[in-house]
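Here are my notes, written for someone new to reading structures. Please keep the model open beside them and find each residue as you go.

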Amino acid sequence: MRLRLSAIAIVLLPSSWALALTTTTATFQKGDANGYSSMTELRISMTPGSDGTNGASVTNFGVDGYVADDPATPANEFSPDQPSLTKFDNIFGAGQGQIPAGATILSATLTMKTTNGGSADTNGPWSIASLNQPFDLATTRYMSFPSADPLGFRGPWWQDGSPTPYSQRPQGGFGRLTFNQIGVANIQPLVQQWSSNPASNNGFVIQSGFVGTSNAWNYYTSGTQVIPDRPKLTVTYTTSPIVTNTFQHGVNGYTGDTSAFVKSGLIQTASATNPDPSVDDVSYDGLTGNPTVSPTSTINPPPAPITDGNAFLDGPAFGVDPGVLTSTDDSGLFKFGNVFGAAVGQAPADKGVAKAWLVLTTGIASGNARSPDTWEARAMSRDWDGTSLYSSSFGAIPGFQSDDGDMAATPLDTKYGMTTGSQIWFDVTSYLEGVRTGAADHGLIVLHGQDTADGWQIQLANGPDETLRPKLVVVSDLTPIVPPGVAGDYNGNGVVDAADYVLWRKGGTLQNEVATVGSVTPEDYTEWRARFGNTSGSGSSLGGAAVPEPASVALGLIASCGVCLCLSRKR
């Protein structure tokens, strides 16, 4: 005879309960309190005397970027390409402090500290690219990476190497850094690749690119005696169930996005001399590349469509004349519709957003495509489309301001270190979770930070290579909902009922105690009695349920058992 009690109560779970994604953060720094020691660093260089320096044998590295000498000038402008190769080994596995292979990487940052002497500071930019082949301290040198470029060798640059490139497309890394300043770079895409396939962890290269920077950067290596100054990898991961969806124009049939490239023109604000600031505004639809100008436009000849998908974002530079710029104020607007739903390829609408990124790709069509400056992603606060103009579409004040109701007051994320061809991942998680839970969706803006005087070329959605177009990456949390405990529900079945009384009478281990936690006492009966009939989401009062006295509880249970016995004997 078997007594089945599993279907006594059915608990309905409110959809508003939060999901229970479990995350873990691991850090790796040579010589740290965890005893981590599996880090390798090597600097290589066009200059033979600086080629092949082991990071463990010196306290700091000087990395540099390539700049050719201009034969038309008497000065020697030559700067050697001088990248560094780094590997954090033994970071994946089942050991203490390791990351389980296959884990979802929600965040991964590389922290470096600039030294305090000489010309240690830098204007950047410096990007970080995952290496496709291992390096060796004894044998790997700059000339280990031959190139078809006229230079003959460019280190492990991502555009070189056959049939497999030496490295993958770089990620944004470090921008302007001064003495003793700590730089923090996002390398989540690299660590996610390694987690998915630990054998692919060959380390990474820090490189300025081609064209690079002539302003070198000195940072502390694993050879410094001050452990907190050494390079550090910090990773936050989860092994909870997730699903990742990517939205990119034209990829897998996705066409739900809207984007615009909004340029200010040189007349930013109205004045007696220039009463109409819109006369030199122009905006481009990001999907078609078609321009829009104001009815009073004086642009001659009219602007042509953007056909190659390249657009330069830029920050304003002010001239002597009031309201007149010497460099235009140019921003990108992006919105991804139809993200949430139950269809194939959509993010589940009933599951929380664990992480979301807006990914933009730096162009390669110009030597000035790179940028060492800061760029921000913010949530927009007003509607727009591919024809919205700088001076007339965004409130009373031309351009984008938070106090004019155009955009959020604080950035969602700030990035820097854009080298040629690099991908930049802006964290937009809070914005997208807001959209999922009902907030108005006005899209995102990417615009200059406070120090921006150098433009940044990005790929628009009408670019010929659809894999380089702006994309939204969404990680949804599929962790099953775990209902909160119900006070007085001593057996944890989701309802305060007679079975809890029986468990209390027998002196068993009680879940969800209110009084004398850890001990079975008369006070536990009092608390159970006050909450009889309660389920998840109900309060602590009786709620109208009649509370049985101890004797009637016992009689009820005996009667129930008798019914079950009779039914069993009739089978």
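1. **T139, on the outside.** T139 counts as exposed, because its relative accessibility is 56% and the cut-off for exposed is over 50%. Please bear in mind that this is a predicted model. T139 sits in the loop between β7 (126–130) and β8 (171–174). Now find G52. T139 and G52 are 87 residues apart along the chain, yet 8.2 Å separates their C-alpha atoms.

2. **The chain as a whole.** The protein chain has five helices and 27 strands. Of its 571 residues, 50% are buried. Take the contacts with a separation of 6 or more: 74% of them join residues 24 or more positions apart.

3. **L313, on the inside.** Is L313 buried or exposed? L313 counts as buried, because its relative accessibility is 0% and buried means under 20%. L313 belongs to strand β17 (residues 310–313). Leaving aside residues up to four places away in sequence, L313 touches F261, D330, S331, G332, W375, V446, G455, W456 and I458. T328 is 15 residues from L313 in sequence, and their C-alpha atoms are 9.1 Å apart.

4. **The largest nonpolar core.** This core holds 34 residues. Which of them touch the most other members? They are V339, L358, F426, L432, V446 and W456. Strand β21 (residues 353–361) gives the most to this core: four residues. Look at L432 as one example. Not counting residues up to four places away in sequence, L432 touches V339, F340, V353, A356, L472 and V474. There is also a second, separate core of 31 residues, which includes L110, F174, I187 and V235.

5. **Aromatic pairs.** The structure holds 25 aromatic pairs. One of them is formed by F426 and W456: the ring centres are 6.4 Å apart, the planes are at 50° and the pair is tilted. F426 lies in strand β24 (residues 423–427) and W456 in strand β26 (residues 456–459), so this pair ties together parts that are 30 residues apart in sequence. Both F426 and W456 are buried.

6. F61, W126, F174, W217 and Y219 form one aromatic cluster. F174 is also included in the second core. Elsewhere, look for a charge over a ring. The charged end of R154 sits over the ring of F210, 5.1 Å from the ring's centre.

7. **A seven-stranded sheet.** Trace this open sheet in the order β16-β15-β14-β20-β25-β22-β23, with antiparallel pairing. Strands of a sheet pair through backbone hydrogen bonds. Which strands stand at the edges? They are β16 (291–292) and β23 (413–415). Each has a single partner strand, so one side of each is left without a neighbour in the sheet. Inside the order, β14 (residues 257–263) and β15 (residues 282–285) pair in the antiparallel sense over four bridges. There, V262 has S283 in β15 as its bridge partner.

8. **Strand β2 and its partners.** Strand β2 (residues 39–43) is mostly covered, with four of its five residues buried. With strand β5 (residues 84–88), β2 makes an antiparallel pairing over five bridges. In that pairing, R43 stands opposite S84 in β5. With strand β3 (residues 53–54), β2 pairs in the antiparallel sense over two bridges. Here L42 stands opposite N54 in β3.

9. **Helix α1, enclosed.** Why is helix α1 (residues 188–196) largely enclosed by the rest of the structure? Seven of its nine residues are buried, so the helix is largely enclosed. The buried residues are Q188, P189, L190, V191, Q193, W194 and S195.

10. **Helix α4, one buried side.** In helix α4 (residues 522–530), D524, Y525 and W528 are buried. These three cover an arc of only 100° around the axis, which puts them on the same side of α4.

How values were computed. Residues numbered from 1 in each chain as written. Predicted model: local features only at pLDDT ≥ 70, side-chain atom pairs only at ≥ 80, totals over all residues. Heavy atoms only, no water. Phe/Tyr/Trp six-rings, centres within 6.5 Å; stacked < 30°, edge-to-face > 60°. Buried < 20%, exposed > 50% of the residue type's maximum accessible area, 1.4 Å probe, protein only. Lys NZ or Arg CZ within 6 Å of the ring centre and 35° of its normal. Pairing = 2+ DSSP bridges. Core = buried A, V, L, I, M, F, W, Y, C linked by side-chain atoms within 4.5 Å. Contact = heavy atoms within 4.5 Å. Arc of directions from axis to C-beta.
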